[in-house]
Amino acid sequence: MIENTVLSYSKQIDCPVAVIYQEVIEETLQFFKYYDNHITQLQEQMTIKKPFFTKTTKERVWGKTTIIEMKENHSLKLSSSYAGGNILHCFLFETVNGKTKIEYQEANSFTDKSKQVNFFIVSLLYRFVFKYKAAKRLKYIATKVA
């Protein structure tokens, strides 16, 4: 059986962890507010319902995104799930040589074994898209805190 495919991208930013963590929280709050304008503050177990486009078939499906962990200045973990599977999104923060290292990880799993195999094949190409989008996102965060 093919294991979950974990994709990862990291960047070091010359800014305190607390500032970068807060910016990621603010960006995530805006994302949650887009789908539910009643949300004013993030907390663990908070869930929104939203449409997703699958990576393997490019179809639009409905699912939910839940905050599963918020550890101040350490991590933010979200789970996006739909009938066909689950995506774990993690932002990890640490101080390295006086700079903040922010790492974004994405782990995909599927309920159907054939879709898991299909994603394994698709992920060979998706890695480039993932790295491009993750680099763009982390660069955006870096410019916001600069």
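**β3 and β4**

I started with the β3/β4 pair: the two strands run antiparallel and are joined by eight bridges. This is a predicted model, so I am reading all of it as such. Then I checked the link between the strands. β3 and β4 make a hairpin, with three residues between them. Asparagine 73 sits in that turn, and I noted its positive phi of about 60 degrees.

**β4 and β5**

Next I moved to the other neighbour of β4. Residues 75–82 (β4) and 85–96 (β5) pair in the antiparallel sense, again over eight bridges. How many residues does the hairpin from β4 to β5 pass through? I found two.

**Glutamate 69**

I stopped at this one because glutamate 69 is buried, at 18% relative accessible area, where the cut-off for buried is under 20%. Its place is in strand β3. What does the glutamate 69 side chain have a polar contact with? I found the side chain of serine 75, at 2.7 Å. Setting aside neighbours within four places in sequence, I listed the contacts of glutamate 69 as Glu44, Ser75, Leu76 and Lys77.

**The whole sheet**

Zooming out, I traced six strands in an open sheet, ordered β1-β6-β5-β4-β3-β2, with antiparallel pairing. The edges are β1 (5–13) and β2 (47–53), each of which pairs on one side only. From one strand to the next, I have the twist down as 20 degrees on average.

**The helices**

Last, I checked what lies across the sheet. Helix α1, residues 17–35, lies across β1, β2, β3 (60–71), β4, β5 and β6 (99–110). Against β2, I noted that α1 runs at about 80 degrees. Helix α2, residues 113–145, lies across β1, β5 and β6. Its direction is about 15 degrees to β1.

Definitions and conventions
Residues are numbered from 1 along each chain as its sequence is written. This is a predicted model: local features need pLDDT of at least 70, side-chain atom pairs count only at pLDDT 80 or more; totals for chains, interfaces and linings use all residues. Side-chain values use heavy atoms; hydrogens and water are left out. Two strands pair if DSSP finds at least two bridges between them. Helices (H or I, at least four residues) and strands (E, at least two) are DSSP runs, numbered from the N terminus. Axes are lines fitted to C-alpha atoms, for helices over the stretch in contact, and angles run from 0 to 180 degrees between N-to-C directions. Contact means heavy atoms within 4.5 Å. Buried means under 20% relative accessible area, exposed over 50%, partly exposed in between (1.4 Å probe, protein chains only). A polar contact is a pair of N or O atoms within 3.5 Å; within protein, one must be able to donate a hydrogen and the other to accept it, and residues adjacent in sequence count only if both atoms are side-chain atoms.
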